[in-house]
Structures are given as structure tokens and as C-alpha cells.
Amino acid sequence: MSSKLIFSVLAFLSIFLAIRLVTYFASINYYADDQIITFETQLQSQPKISARGQRVSLILPNSQRITVLLVLNPLLSYGDKIKIEGKVEYFQAENGNQIASMNYPQFRVLKKGPETNLIYKVRENIINFFNSSFNPRYSSLMLGIVFGIKQEMDSQFYLDLQKVGLLHVIAASGMNITMVGGFFLGLGSLIFKRQLAIILSILGILLYAFMAGFEPSIVRASIMGILVFSAQLIGRQSSGFLGLFGAAFVMLFLNPSLVFDIGFQLSFMATLGLIYLRPMFFLNKKIEKIIKKSIIGEDLVTTTTAQLFTLPILLVNFGSYSLVSVLVNGLVLWTVPILMAIGGLASILGLIIQPIGRVFSYLSLPFLLYFEKTVELFSSLG
């Protein structure tokens, strides 16, 4: 297929998608502030549990997204079908967006999800493993960094993360997927030929998505990541971009609200970085040889490209756009792939033989301490 024809097709699809987005958002009839509504829904992700209650993100019948805070009894699980009646309220986020929410509406469970859900059990075992291995701050930090699992974190440290623009580290996104793929690619390159190493990275992404509970944001990021690593098997950069464009087109066409979803934006930009920036590190044969011989070379290159392409989105949405945020991100983000590697391997070991996994997880303590003290130092500066 010629470049001119590809460009024409992409341009046509882009216009078609733009029309779809405009008509979708123009047709949404937003609920009024303090309006009482009743609706039924099925939970597409595990509720986030804290002392205040259980928090879920839902899609209303009018396609509007809403955050709902519910009481702790009864505890809900992924896959539960529930009926909710409550008042829609709006508040303004720091980035200026109007966020719809419900606080403690009435609800009842219409149908429980499968109690024998293997994904849910694995996720709960991982949470219990970290909670029993670390203090609450380190446990919540590890669960957030490694799997994007939102556990209760002490309010002061949460505010500190917000001040220095590091809230994104506890939100699983495309950057996590690129790190996982890069780690398995680097590990596989030491043992296998590159084609087999790429296959190993794809299997590693699938394993990570399973352990993270197949959260929608992780699934979307995994699809994009797998497409890019698959394109590397073919060896054509254009194949990676076409795959990414196709995946984004289908996702946005089916669910236009994703265009404002931070996780989708991060996944797209991180994957774009893999396609266009990552290959530049391998243009020089000497540098390529050093990277491939280093056990962390592939992972470091993958992480760097993801961070560079996602940094503007992270700073705008998760913290103040300032030199301090850029500096702190530069100082601590190098620990994230290390913590992900240790946490991921410790989780697997912990699911098999918990004492061995716990001992291995303690390797993360120096990095967690460095991360914590760096955040506290710079947040105290104002």
C-alpha cells in the first residue's frame, strides 16, 4: 500500500472520528446539579476501599461518567450488578474540569458477580501480601506503583505526592505497560533471539494485565503495547503506528468519552514514544551493543521514552506545571521500573511461597525510603 493511499485513509478516518466525537458530546443530556436519579449498572472494576467507604467510577445512562462513594456494607466486587438511587453533585477539579459525583446514595445488589472469580482472588491475595509485608504507606505505594491498585494512603503523603506532581505513579497506565514490556524484552534478550524476546515481552504484558485484575485502563494500554511489540516482530515502524491508530480509532468510536480519559491519553502517548523515539537509541551500533548487553538497558530505554512522551500530560493532570515537578519527576522516576520489577516478581513468588516472596520484596525498601524522603523534602518547600 502506497504512502499516499495510507495518508488518505488515515485522513478520512480521522474526519469520520471527529464527526463521531462531536455528535456524541453534543447529544449528551447532562444531569442537573442536585438532581436525584435511579439507575442500574454492573461494576467494571474493583471498588477502591478506604476508611470513608468504597469508591467506584461508573457510566450513567446518559453516557456521563460519575464517581460514587458508597458505605462499606455490603462490600461490592468486580462484576456485581447494583441499583443506585441518589443525588448528582458537581465539583471543580484542580484542572478546571467539572466532576460529577454521588456521596452515599442508597444502593442494593441485584446480582453478585462470580464468587469464584480467579482474577479477583489473585488480586486480593496480592493486596493481602503487600499489606502484611509493609507498613500502610509503603504497602499502598507499592500496590499503586506496581499494579495501579488504589489502597488507602495516609492523607498527608497523598497531598505531598500531589504537590510535587507525582500522583501519576499510583495510577496504572500505558507507562506501566511499556515498563513491563521493556523489562521482559531486556530479560529475554539475554537468553533468546530478539524475536523470541519480543514474544516474551508480549506474554509478560498479558501476565501483568491478569495480575492487575484486567482493569479497563490496563486492558486498553495492554492492547496498544502488544500491537507495538508485535510490529517489532515485523520490523516496520509504520506497522506499529497503523496498529496504534487502529486501536485508538476503535476504542474512541465505541466509547468517545475516552478522549478525556487520562489513562487513555497516557497509554496512547507512551505507545507513540515506543514507536518513534525508542528506535533512535539504536541508530548508533556501539550504543545499541551496550544497551543489548546491559541487563537493564532495554528497560531503561523503554522507560525513558515513555516518561518523555507522557510528562506533559502527567504534569498538567497530576500536579502543578512547574520546574519543581519536572525536577522531582527526574529524581524519583528512575526508581519506578525497579520497584515494579521487584514488586512484580515478589508478587509471583508470594502467590507461590509467601515467605520467600516477602523476603524478596524487602529489596524494595531502600528505593521506597528514597522515594518517600525525596517527596517529603520537596513538598515541604511549598
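Among contacts in the protein chain between residues at least 6 apart in sequence, 70% join residues at least 24 apart. The model in which these contacts are found is a predicted one. Its protein chain has 382 residues, and 47% of them count as buried. The chain contains 15 helices and eight strands.

A pair of residues shows how sequence and space can be set side by side. Ala-18 lies in helix α1, which covers residues 3–27. Ala-18 and Leu-252 are 234 residues apart along the chain, while 9.8 Å separates their C-alpha atoms. Ala-18 has a relative accessibility of 37%, so it counts as partly exposed.

Val-68 belongs to strand β4, residues 65–70. With a relative accessibility of 0%, Val-68 counts as buried, because that label applies under 20%. Val-68 is 10 residues from Leu-58 in sequence, and their C-alpha atoms are 7.4 Å apart in space. Leu-58 is also one of the residues that Val-68 contacts beyond its neighbours within four places in sequence.

Ser-101 sits in strand β7, which runs over residues 98–103. Its relative accessible area is 8%, so Ser-101 is buried too. Setting aside neighbours within four places in sequence, Ser-101 touches Ile-66, Thr-67, Lys-87, Val-88, Glu-89 and Phe-91.

The next topic is the nonpolar interior. In soluble globular proteins, nonpolar side chains tend to be buried together. Here the largest nonpolar core has 64 residues. The members of this core that touch the most other members are Phe-130, Leu-141, Phe-147, Leu-161, Leu-166, Val-169 and Phe-371. Apart from neighbours within four places in sequence, Leu-161 is in contact with Met-153, Leu-166, Leu-167, Ile-170, Phe-371 and Val-375. There is also a second, separate core of 17 residues, and Tyr-31, Leu-76, Ala-100 and Met-102 are among its members.

Helix packing comes last. Two packed helices are described by the angle between their axes and the distance between the axes. Helix α3 spans residues 136–147 and helix α13 spans residues 335–352; they pack at an angle of about 95 degrees, with their axes 9 Å apart. Angles from 65 to 115 degrees count as roughly perpendicular, so α3 and α13 are roughly perpendicular to each other. On the α3 side, the residues that meet α13 are Met-142, Ile-145, Val-146 and Phe-147. Their partners in α13 are Val-336, Leu-339, Met-340, Gly-343, Gly-344 and Ser-347. The residues of this contact of α3 with α13 divide into seven nonpolar, three polar and no charged.

Helix α3 also packs with helix α15, residues 365–379, at an angle of about 100 degrees and with the axes 11 Å apart. Therefore α3 and α15 are roughly perpendicular to each other. In this contact Arg-137, Tyr-138, Leu-141 and Met-142 of α3 meet Leu-365, Leu-368, Leu-369, Phe-371, Glu-372 and Glu-376 of α15. The residues of the contact of α3 with α15 comprise seven nonpolar, no polar and three charged. Leu-141 and Phe-371, which take part in this contact, are also listed among the members of the largest nonpolar core that touch the most other members.

Technical notes: Residues numbered from 1 in each chain as written. Predicted model: local features only at pLDDT ≥ 70, side-chain atom pairs only at ≥ 80, totals over all residues. Heavy atoms only, no water. Helix = DSSP H or I, 4+ residues; strand = E, 2+ residues; numbered from the N terminus. Buried < 20%, exposed > 50% of the residue type's maximum accessible area, 1.4 Å probe, protein only. Contact = heavy atoms within 4.5 Å. Core = buried A, V, L, I, M, F, W, Y, C linked by side-chain atoms within 4.5 Å. Axes fitted to C-alpha atoms, helices over the stretch in contact; angles between N-to-C directions. Parallel < 35°, antiparallel > 145°, perpendicular 65-115°, else oblique. Nonpolar A, V, L, I, M, F, W, Y, C, P; charged D, E, K, R; others polar.
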